[in-house]
Amino acid sequence: MRVTGGCLCGAIRFEGDAEPQFQVTCYCTDCRRTSGAGHAAMMGFAYDAIRIAPGAREFASKADSGNDIVRAFCPTCGSGIYSRTTGMPHLIFLRASALDDSSLFAPQIAVWAARAPAWDAVPEHLPAFAEAPVGAQ
Ligand SMILES: [Zn+2]
Ligand SMILES: [Zn+2]
């Protein structure tokens, strides 16, 4: 698929022609804090398949899964752009919230579902893991 997107102010744009390899919603506490909602929505693509404009700011932290995670955001407008995890180092996870066409995102699983707040419940049709399966954030 053709995937394009970017932050609110337009400074950080991304694009690529690739099929997503892993589409996930994550309800972990860190994703909730950075998402502005109860969960983060992420599309994992081969790292080399996505081109991203320079200038995003990266924040590194240790996930509850034990993985090291980097989350990138626009330093001007604060929009989340992508994340990377040592659990799946060959992928870059674009934030579905940054897509130009939000309908491109089709989540396959939910992780850390046990932490979903009542006001942002995991959809019933979505396979859900209470915590994180191997490799997930
Ligand atoms: Zn921006
Ligand atoms: Zn998470």
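This is a predicted model: local features need pLDDT of at least 70, side-chain atom pairs count only at pLDDT 80 or more; totals for chains, interfaces and linings use all residues.
Which residues are linked with R2 in a network of salt bridges? The network joins R2, E15, D17 and R51.

Residues are numbered from 1 along each chain as its sequence is written, chains are lettered from A and ligands numbered from 1 in the order in which they are written, and side-chain values use heavy atoms, with hydrogens and water left out.

Now the salt bridges. Side chains of opposite charge can pair when their charged atoms come close. Here a salt bridge is a side-chain nitrogen of Lys or Arg within 4 Å of a carboxyl oxygen of Asp or Glu. The whole structure holds six of them. One joins E15 to R2, at 2.7 Å from N to O. E15 sits in strand β2 (residues 13–17) and R2 in strand β1 (residues 2–6), so this pair ties together parts that are 13 residues apart in sequence. Strands and helices are DSSP runs, numbered from the N terminus; a strand (E) has at least two residues, and a helix (H or I) at least four.

R2 also forms a salt bridge with D17, with the closest N and O atoms 2.9 Å apart. D17 is in β2 and R2 in β1, so that link connects parts 15 residues apart in sequence. How open are these side chains? Buried means under 20% relative accessible area, exposed over 50%, and partly exposed in between, with a 1.4 Å probe and protein chains only. E15 is partly exposed at 30% relative accessibility. R2 is partly exposed too, at 42%. D17 is exposed, with a relative accessible area of 52%.

Strands β1 and β2 belong to an open sheet of three strands. Its order is β1-β2-β5, with antiparallel pairing. Two strands pair if DSSP finds at least two bridges between them. β1 and β5 (50–52) stand at the edges, each with a single partner strand, so one side of each has no neighbour in the sheet. Neighbouring strands are turned by 10 degrees against each other on average, direction ignored. That angle rests on axes, which are lines fitted to C-alpha atoms (for helices, over the stretch in contact), and angles run from 0 to 180 degrees between N-to-C directions. β2 and β5 pair in the antiparallel sense over three bridges. F14 stands opposite I52 in β5.

A second open sheet has seven strands. Its order is β6-β7-β8-β9-β4-β3-β10, and its pairing is mixed. β6 and β10 (109–111) are the edge strands, each with a single partner, so one side of each is left without a neighbour in the sheet. The twist averages 30 degrees from one strand to the next.

β6 (residues 57–62) and β7 (residues 68–73) pair in the antiparallel sense over six bridges. They form a hairpin with five residues between them, and G66 in the turn has a positive phi of about 100 degrees. D68 and K62 form a salt bridge, their closest N and O atoms being 3.1 Å apart. D68 is partly exposed at 39% relative accessibility, while K62 is exposed at 52%.

Then comes β8 (residues 80–85), which pairs with β7 in the antiparallel sense over five bridges. This is another hairpin, with six residues between the strands; G78 in its turn has a positive phi of about 85 degrees.

The last stop is the largest pocket, with a volume of about 170 Å³. On a 1 Å grid over the protein atoms alone, a pocket is an open set of points with protein on both sides within 12 Å along at least five of seven lines, and lining residues have an atom within 4 Å of a point. Of the 13 lining residues, T34, F73, G78, G80 and R95 are the closest to the pocket's centre. α1 (29–35), β7 and β8 each give two or more residues to the lining. G80 is in strand β8 and is partly exposed at 21% relative accessibility. The C-alpha atoms of G80 and L8 are separated by 9.4 Å, though these residues are 72 apart along the chain.

Methods:
On a 1 Å grid over the protein atoms alone, a cavity is a set of points where a 1.4 Å probe fits but cannot get out, and a pocket is an open set with protein on both sides within 12 Å along at least five of seven lines; lining residues have an atom within 4 Å of a point. Grid points are joined across faces, edges and corners, and a volume is the space filled by probe spheres set on the points.
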